[in-house]
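Me: I have a structure open and want to go through it with you. Can we start with the terms and then take it piece by piece?

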Amino acid sequence: MTKTTTDREQRGDAAQGAAEDAAERLTTAPADSDGPTGIGALGWLRWMWRQLTSMRVALILLFLLSLAAIPGSLIPQNGQNQFKVQAWKAQHTTVAPIYEKLQLFDVYSSVWFSAIYILLFVSLAGCIVPRTWQFVGVLRSRPPAAPRNLTRMPVYAAWRTDADAATVNTAAHRLLRARRFRAHLDGGAVAAEKGYLREVGNLVFHLSLFALLGGFAWASLASGTGGKLLVEGDGYGNTITQLDDFTGTRFYGSDDLDPFYVKLNNFTSKFQDRGDQIGSARQFTAHVDYFEGSDPAKLKAGTIEVNHPLEIAGSKVYLIGHGYAPVITVRNKAGDIVYTGATPFLPQDGNLTSTGVVKVSDYGEKDGQKTQLGFSGFFLPTAPVAFDRNTGPRSLFPGDADPALVLNVYAGDLGTDSGLPQNIYQLNTRKLTQLQQDGQPAKARLKPGQAWELPDDYGTVTFEGYKQWASFNISHRPGNGIALVGAVAAIAGLIGSLFIQRRRIWVRAVALPDGGTLVELAGLGRSESAKIAEELAALAVDLQDDAPALDDEADESEKSDASEKSDGSEKPDEPDEAAAPEESAVPADPNSKE
């Protein structure tokens with residue numbers, strides 16, 4: 001019989017201890033496991049799953065994803081600007097093959113970036129789902145009952161009163177409900193809890209990250225980008241045949257391009273012309289006409305600026321580049337025009353020193369043989385009086401203050417009839433011969449309107465003037481809206497989880513054997529903060545109307561002062577019998593933090 005009673009007491013103590021641990025735990029996060037929870041492969045798999053879905057691993061994966069995105073911002077990407085990728089490869093021939101194998105030109109679609117992305121996706125999903133269900137269970141349940149020993153709590157207060165214990169508990173329940181606590185009265189104590197929005201904010205933050213990753217994933221699967229360079233006065237339809245380059249995805253190909261038409265009317269560029277920042281860009285604006293679909297009657301006027309794209313038919317048109325296009329006219333010996341037009345030259349420095357080539361494939365015959373001409377040179381928006389021998393032709397200012405065109409000329413076979421693709425910005429001189437003039441390579445420096453008579457009766461070249469060109473990136477990304485909503489919600493959830501404090505308050509009123517009632521208040525906050533102490537103090541003050549504290553200590557102090565005045569000497573303090581019941585009613589606890 002004695003053994004049975006002892007076992008029951010032990011089980012009761014264990015249950016009470018578990019209840020107190022639950023009362024002091026203010027999070028709905030699943031408890032971490034220190035190691036595999038089983039034997040064999042199944043136990044290891046369960047442990048690995050718990051590690052993957054833990055917050056620690058999720059933060060590590062998020063950090064790795066941030067690191068993995070760095071190369072995408074430092075190295076040109078195929079999906080953003082194919083021309084920059086080719087130019088970068090040409091300048092870095094040694095490391096370009098290595099970068100190609102590491103997929104550094106396609107970071108966001110690479111295998112290693114996708115692996116981190118998917119692992120983070122799974123980790124968030126495995127963390128959110130059980131945590132959400134657990135939080136729903138907490139909302140449906142009552143606040144945890146008061147621990148047996150309230151003095152263990154970080155914030156504690158107690159006093160004696162003559163009020164009835166049931167009346168005090170009822171009043172405490174009413175006051176806590178008025179303060180918007182979830183309060184429950186049971187077993188001679190009131191248990192209350194507040195700050196659930198903290199956990200709601202935490203879950204919203206995690207769900208928002210999930211939505212953010214989902215938006216990026218959808219954008220990578222159903223987006224596409226194209227590039228187009230337009231000279232002032234030119235236009236194009238958004239079809240695969242008129243784009244300079246196009247990169248599609250699994251669910252967005254060349255047949256899915258949004259139908260619209262864009263024409264570049266003129267381009268405005270302004271640069272600072274004095275001060276320490278001379279030459280700095282101040283305005284880049286492309287003035288365009290456009291219409292959606294195939295109806296030119298719906299033509300509209302618009303502007304495209306840096307970081308201010310024009311949205312047309314579900315796509316956004318970004319301004320990403322600018323330069324000059326010299327207008328050149330080439331005539332043969334007979335005076336017939338064999339080439340005329342604006343040719344874009346590519347900037348090489350901050351002052352827009354630009355290089356380019358002109359290919360005259362239809363020159364005709366010279367001395368009974370089919371001949372083609374090729375010109376290479378520089379366009380200088382602001383040319384110096386004389387060129388430096390070491391640097392060659394260089395512009396002094398990016399604005400068109402004093403433009404000049406410097407040309408070299410070649411004759412022979414351009415290779416354009418071979419059927420092999422060629423770079424329009426490069427001249428293959430393998431089958432070309434540079435023309436000579438006075439024993440030196442033929443070259444000329446031309447101002448707008450000037451003509452150059454080519455040597456050996458090849459005709460003339462006239463620099464008619466110049467236009468400006470602009471390059472555009474056409475982007476279709478359907479997941480941007482989802483990602484934006486996810487980012488805003490993540491910030492809101494993070495604010496809630498940081499500034500809202502989860503806290504619990506217990507009030508217990510117990511009748512004392514020698515008469516009166518002992519009132520105990522205790523509070524517990526998830527993080528150390530003065531707010532829980534302030535709330536407990538305010539509750540104690542409000543509770544004085546229904547449970548006023550006895551003035552035993554004040555009476556004892558007055559008697560001690562009177563005794564000292566009557567003797568004229570100080571005596572050691574003696575225990576007062578009136579204080580004995582209170583001291584015995586609130587026993588000292590070695591575990592107390594007070």
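Reply: Start with accessibility: buried means under 20% relative accessible area, exposed means over 50%, and partly exposed is in between (1.4 Å probe, protein chains only). Asp457 is partly exposed, with a relative accessible area of 43%.

Me: What kind of model is this, and which pLDDT cut-offs apply?

Reply: This is a predicted model, in which local features need pLDDT of at least 70 and side-chain atom pairs count only at pLDDT 80 or more, while totals for chains, interfaces and linings use all residues. Residues are numbered from 1 along each chain as its sequence is written, and side-chain values use heavy atoms, with hydrogens and water left out.

Me: What pLDDT does the protein chain average?

Reply: The average is 83, and 85% of the residues score at least 70. pLDDT is the predictor's confidence in each residue, from 0 to 100.

Me: Where does pLDDT stay under 50?

Reply: Residues 1-6 are one such stretch, with 0 contacts beyond four places in sequence. Residues 553-594 also stay under 50, and for them the model has 26 contacts beyond four places in sequence. Contact means heavy atoms within 4.5 Å. Where pLDDT is low, the predicted coordinates should not be read in detail.

Me: Back to Asp457. Where is Asp457 found?

Reply: In the loop between strand 21 (451-453) and strand 22. Strands (E, at least two residues) and helices (H or I, at least four) are DSSP runs, numbered from the N terminus. Phi of Asp457 is near 60°, a positive value in a residue other than glycine. Most residues other than glycine have a negative phi.

Me: And Leu352, buried or exposed?

Reply: Leu352 counts as buried because its relative accessibility is 10%. Its phi is also near 60°, again positive in a residue other than glycine. Leu352 sits in the loop between strand 13 (346-347) and strand 14 (354-366).

Me: Aromatics next. How many aromatic pairs does a search of the whole structure find?

Reply: The search finds 21. Rings of Phe, Tyr and Trp (its six-membered ring) pair if their centres lie within 6.5 Å; planes under 30 degrees apart count as stacked, over 60 as edge-to-face and the rest as tilted. Among the pairs is Phe121 with Phe210, which is tilted, at 4.5 Å centre to centre and 40° between the planes. This pair links distant parts of the chain, with Phe121 in helix 6 (residues 111-140) and Phe210 in helix 8 (residues 196-221), 89 residues apart. Phe121 is partly exposed at 25% relative accessibility, and Phe210 is partly exposed at 27%.

Me: What about Tyr324 and Tyr466?

Reply: They form an edge-to-face pair, 6.0 Å centre to centre with 75° between the planes. Tyr324 lies in strand 11 (residues 315-331) and Tyr466 in strand 22 (residues 460-476), so the pair ties together parts that are 142 residues apart in sequence. Tyr324 is buried at 1% relative accessible area, whereas Tyr466 is partly exposed at 27%.

Me: Which residues do ring pairs link into a cluster?

Reply: Tyr108, Trp112, Phe113 and Tyr117.

Me: Where does the charged end of Lys366 sit?

Reply: Over the ring of Tyr458, 4.9 Å from its centre. The criterion is NZ of Lys or CZ of Arg within 6 Å of the ring centre and within 35 degrees of the ring normal. Lys89 lies over the face of Phe105, at 5.0 Å from the ring centre.

Me: Sheets now. In what order do the 4 strands of the open sheet come?

Reply: The order is 5-7-8-9, with antiparallel pairing. Two strands pair if DSSP finds at least two bridges between them. Strand 5 (235-237) and strand 9 (300-305) stand at the edges with a single partner strand each, so one side of each is left without a neighbour in the sheet. Strand 7 (residues 260-271) and strand 8 (residues 281-292) are joined by 11 bridges, and Tyr261 has Phe291 in strand 8 as its bridge partner.

Me: What do strand 2 and strand 3 form?

Reply: A hairpin with 2 residues between the strands, where Gly187 in the turn has a positive phi of about 65°. Strand 2 (residues 182-186) and strand 3 (residues 189-194) pair antiparallel over 5 bridges, and Asp186 stands opposite Ala189.
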